[in-house]
Amino acid sequence: MPTLFLPLSNLVRNKDSFRSLITHFKHLHTRSRTWSVNSSTPWMIRSRGQKFGPVSRRQVPVEQLTAANMCTGSCSEEDKTSWLWSVYNETKKQTQDLIPVISNNFVNPDTIFSNNEMSLQDIEIYGFDYDYTLAFYSSHLHTLIFSIARDILIQEHRYPEGLREYEYIPNFVIRGLHYDVQKALLMKIDAFHYIQLGTVYRGLNPVPDKEVIAMYEGSHVPLEIMSDFYGKSSHGHTMKQFMDIFSLPEMTLLSCVNDYFMKHNIDYEPVHLYKDVKEAIGDVHVKGIMYRAVEADIEKYICYAEQTHAVLQKLAKNGKKMFLITNSPFDFVDRGMNYIVGKDWRDLFDVVIVQADKPGFFNDRRKPFRRVTDRGVLLWDRIHHLEKGHIYKQGNLYEFLRLTGWRGSKVLYFGDHIYSDLADLTLKHGWRTGAIIPELRKEIKIMNTEEYVHTMTWLQALTGLLEQMQVHRDPVSQTVIQQWINEREDMRLRTKDIFNAQFGSLFRTYHNPTYFSRRLSRFADIYMPSLSCLLNYDFQHTFYPRRTPLQHESPIWPEQTSLGAMNIPFQNHRTKTGSE
């Protein structure tokens, strides 16, 4: 089995190249450093009176060094321009030398990533959501939800028949976007509440940056109009955050209806539109339309069945207790689990709870559990025990804790919705939490491509160069530096478009984490593309978060070169090295 990560020391084949790599990255990213160039030594970095090793063994041409020395004082415009471009070219050459080294550090998409240190040795009970956790759906399901909700708008809400011309647009939106209900704008917001300009859409068309800045008096979204704790637009909040994978068809439908109204110059109230689309999408679920469609053609809609079954079998063989808490109805879950695991799927779970009404399940103490028969009949007797093999509806977490005694960090619960599945469990009850992020696999594969590695490496180097050279304020220097700024902006756009042409990466707004990433890091101890990643680890494994340097800390830590700090299961690393 391949290693999940290669230690940094494996990226280079000798000490000199490894030292060069560390020094170069410090050179590119650490602040308060100045260039030190003379005619007898290679490029050096000077920081607080200390000298570091050479960044590159390539000597700078003599004429460039002369220009550099002249430009420390007064020099001609031609010399100053020549000097700046010589620094630029040398930085680019050094960066190009690093690319083969960095390209070897591919990330395995089957890795489990850690936000908080957690050992599987401490976990005795495993809990699961159903949709997009145990059961993964094909893209056909999004098309189905979009089409049904669109028809509900036309037939029941009297929306124009012309909307039938719109079909679901795969990959138009991404999860985690915010929607301004009053302005009918869909956008991506970063961890600091700043809108990523270029990702604001009205309908199917981007809104110019100047217009966005005028509407919001800048690009910052004040806290009082951001979405509430669960991402909803309520109690005066005008922003709605779409955190559910099921919300992709809803965002697309909102965009299409907005597009139709604008194209046909129809005056409409954005708040009514949002509520109508929300209700139509809700009807697809609540009225059972989606459930019946999936049950009728389950092979078309459900995928990844074998991996889920293997994970549950592994947990059962190792004596782990398991439970299921889902908002979906029993018939739908039963049909899906029969397909994924088999008719005896209930034997694997100690407790099964359906139609739980999360996140209310985690906060509302009033709803008691109710037993459901195999035929869907609701029984009226009081629940004194949660028994294996039985199915329960609704209830609340406080009663669940009382009846099971499953409290604290010995419980690990997996779900795909950062708010509805994970937030309350980690903040109020101390359970460990695992986020299932299917989009991870695609994004990691993109980050492993040569195009992405080339672009990001040079983007980081150029940013470091701009940071250091901005001190040259004269008009000649600023003309050159502005060209670099323009090049940087072009590369930033490319790194966005490579993930999604409209909204970019789920996890970053250019350099900042997205608002989605911020919530993910707060509410999930670990995260992964699918439950199948658990098959790569034994139950003694400890997940260690990487020590990401703060802005005032050194950009490369010694422990990052060690095996243990890179989250590599030992047996996997041994297999890899043994095969080389």
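What follows is a set of questions and answers about the labels used for this model.

Q: What kind of model is this, and which features count in it?
A: This is a predicted model, in which local features need pLDDT of at least 70 and side-chain atom pairs count only at pLDDT 80 or more, while totals for chains, interfaces and linings use all residues. Residues are numbered from 1 along each chain as its sequence is written, and side-chain values use heavy atoms, with hydrogens and water left out.

Q: How many helices and strands are there in the chain, and what makes a run a helix or a strand?
A: The chain has 18 helices and 23 strands. Both are DSSP runs numbered from the N terminus: helices are H or I with at least four residues, and strands are E with at least two.

Q: What share of the chain counts as buried?
A: Of the 580 residues, 53% count as buried. Buried means under 20% relative accessible area, exposed means over 50%, and partly exposed is in between (1.4 Å probe, protein chains only).

Q: Why is Y268 called partly exposed rather than buried?
A: Its relative accessibility is 21%, so Y268 counts as partly exposed. This residue sits in the loop between α6 (247–263) and α7 (270–286).

Q: What does Y268 touch beyond its sequence neighbours?
A: Not counting residues up to four places away in sequence, Y268 touches A184, N258, F261 and L273. Contact here means heavy atoms within 4.5 Å.

Q: What makes the pairing of Y268 and N258 a polar contact?
A: Their side chains are joined at 2.5 Å. The cut-off is a pair of N or O atoms within 3.5 Å; within protein, one must be able to donate a hydrogen and the other to accept it, and residues adjacent in sequence count only if both atoms are side-chain atoms. Y268 and N258 are 10 residues apart along the chain, with C-alpha atoms separated by 9.1 Å.

Q: Why are the buried residues of α11 said to be on the same side?
A: In helix α11 (residues 330–340), the buried residues are F330, F332, V333, G336, M337 and I340. They cover an arc of only 160° around the axis, which puts them on the same side of α11. The arc is that of the directions from the helix axis to the C-beta atoms. Just after α11, G342 has a positive phi of about 130°.

Q: Why does H193 count as buried?
A: H193 has 10% relative accessibility, and therefore counts as buried. H193 lies in a loop, between β9 (185–187) and β10 (201–202). Among the residues that H193 touches, leaving out those up to four places away in sequence, are H220, Y515 and R518.

Q: Is S114 buried or exposed?
A: S114 is at 11% relative accessibility, so S114 counts as buried. The residue is found in strand β4 (residues 113–114). A polar atom of the S114 side chain lies 2.8 Å from the backbone oxygen of N116. Leaving aside neighbours within four places in sequence, S114 is in contact with D525, I526, F543, Y544 and P545.

Q: Why is K367 called partly exposed?
A: K367 is at 28% relative accessibility, and so counts as partly exposed. Its place is in the loop between β15 (351–354) and β16 (369–372).

Q: What joins the side chains of K367 and D357?
A: A polar contact of 2.8 Å joins them. Leaving aside neighbours within four places in sequence, K367 is in contact with D357, G395 and N396. K367 and Q394 are 27 residues apart in sequence, yet 6.7 Å apart in space, C-alpha to C-alpha.
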